[in-house]
Amino acid sequence: MYEESMNTVLQQEAIRFNKLIVEIHSSLSELRRALQGLVVMSADLEAAANAMFNNQVPDIWTKKAYPSLKPLASWVEDLVERISFIQKWVDEGVPAAFWISGFYFPQAFITGTLQNYARKSKIPIDTLAFDFHVMKKEAKDIHARPSEGCYIYGLFLEGARWSRKDHELRESNDKELFMQMAPIKLQPVAKRVTPSEGIYTIPCYKTLLRAGMLSTTGHSTNFVLALEIPSSHDESHWIKRGVALFCSLNY
């Protein structure tokens with residue numbers, strides 16, 4: 001339906017993942033034939049074989065894949081989970097909560113959420129911004145979509161921890177580098193005024209690299225968006241600790 005922007009997001013995600021799957025299948029088939037001596041071992045195939053031997057993702061795959069710092073074994077497991085997320089969406093319809101880490105291009109999903117609200121409310125999309133509400137329930141306990149906006153989950157927090165008891169950011173526990181962030185509701189609001197206190201504007205990245213390039217779509221290849229998380233400390237307190245959210249870790 002035209003009124004549901006998530007259909008377009010799903011279609012684009014499926015196309016991207018299908019291109020990656022086709023590349024993986026074709027390159028593995030060619031590599032097997034090359035190892036059997038049936039075809040010439042090209043430089044790309046040799047590089048792919050060496051990468052797989054070293055538990056690294058071949059370059060011919062990463063060129064068509066989403067940003068990731070995972071070794072090959074973890075990368076394959078992550079890919080299977082992402083495809084399962086998309087397939088379940090196709091089979092069962094729009095999910096109640098979205099695994100934002102499973103998107104190839106999460107910025108399109110964020111824009112689609114704003115478009116849904118803009119079309120429903122007949123408000124120009126460029127006047128909309130998000131309110132952020134950290135949920136007290138787990139993602140598995142969310143069984144229905146909100147009437148407006150969306151629920152997201154699957155983010156990892158570095159440099160701090162989320163206290164469910166106090167419902168705010170707290171100092172990290174000893175020997176804990178990362179922790180799973182609670183689900184967050186993205187609520188579109190027209191002409192929103194950013195709070196001046198009581199929040200930390202936390203950046204969200206796809207990978208731990210914290211750096212990216214400006215792509216042809218006008219979006220960063222790594223930065224996703226900035227969220228506002230409740231905090232009793234000044235923002236400078238968390239900035240010094242490098243607190244950020246990530247869609248994917250390196251293991």
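Biologist: In which helix do glutamate 13 and arginine 16 both lie, and how many residues apart are they?

Modeller: This is a predicted model, and in it glutamate 13 and arginine 16 both belong to helix H1 (residues 5-35), where they are three residues apart, about one turn of the helix. Side chains of opposite charge can pair when their charged atoms come close. Here the side chains of glutamate 13 and arginine 16 form a salt bridge with an N to O distance of 3.7 Å.

Biologist: Which salt bridge does arginine 82 make, and over which ring does arginine 82 lie?

Modeller: Arginine 82 meets aspartate 78 in a salt bridge of 2.7 Å, N to O, and both residues lie in helix H4 (residues 72-92), four residues apart. Both arginine 82 and aspartate 78 are buried. Arginine 82 also lies over the face of tyrosine 66, at 3.7 Å from the ring centre.

Biologist: Where does a salt bridge link distant parts of the chain?

Modeller: Aspartate 131 pairs with arginine 192, their closest N and O atoms being 2.3 Å apart. Aspartate 131 is in strand E2 (residues 128-134) and arginine 192 is in the loop between strands E8 and E9, 61 residues apart. Through shared partners, salt bridges join Asp131, Arg192 and Glu228 into one network.

Biologist: How should I read a pair of aromatic rings, and how many such pairs are there?

Modeller: A pair of aromatic rings is described by the distance of the centres and the angle of the planes. The count comes to 16 aromatic pairs. In one of them, the ring centres of phenylalanine 130 and phenylalanine 132 are 6.2 Å apart and the planes are at 50°, so the pair is tilted. Elsewhere, ring pairs link Phe85, Trp89, Phe98, Trp99, Phe103 and Phe109 into a cluster.

Biologist: Why is strand E9 described as largely enclosed, and with which strands does E9 pair?

Modeller: Strand E9 (residues 199-205) is largely enclosed by the rest of the structure because six of its seven residues are buried. E9 pairs with strand E10 (residues 223-230) in the antiparallel sense over seven bridges, and isoleucine 202 has leucine 227 as its bridge partner in E10. With strand E11 (residues 244-246), E9 pairs in the parallel sense over two bridges, and cysteine 204 stands opposite leucine 245.

Conventions. Residues numbered from 1 in each chain as written. Predicted model: local features only at pLDDT ≥ 70, side-chain atom pairs only at ≥ 80, totals over all residues. Heavy atoms only, no water. Phe/Tyr/Trp six-rings, centres within 6.5 Å; stacked < 30°, edge-to-face > 60°. Lys NZ or Arg CZ within 6 Å of the ring centre and 35° of its normal. Buried < 20%, exposed > 50% of the residue type's maximum accessible area, 1.4 Å probe, protein only. Pairing = 2+ DSSP bridges. Salt bridge = Lys/Arg side-chain N within 4 Å of Asp/Glu carboxyl O.
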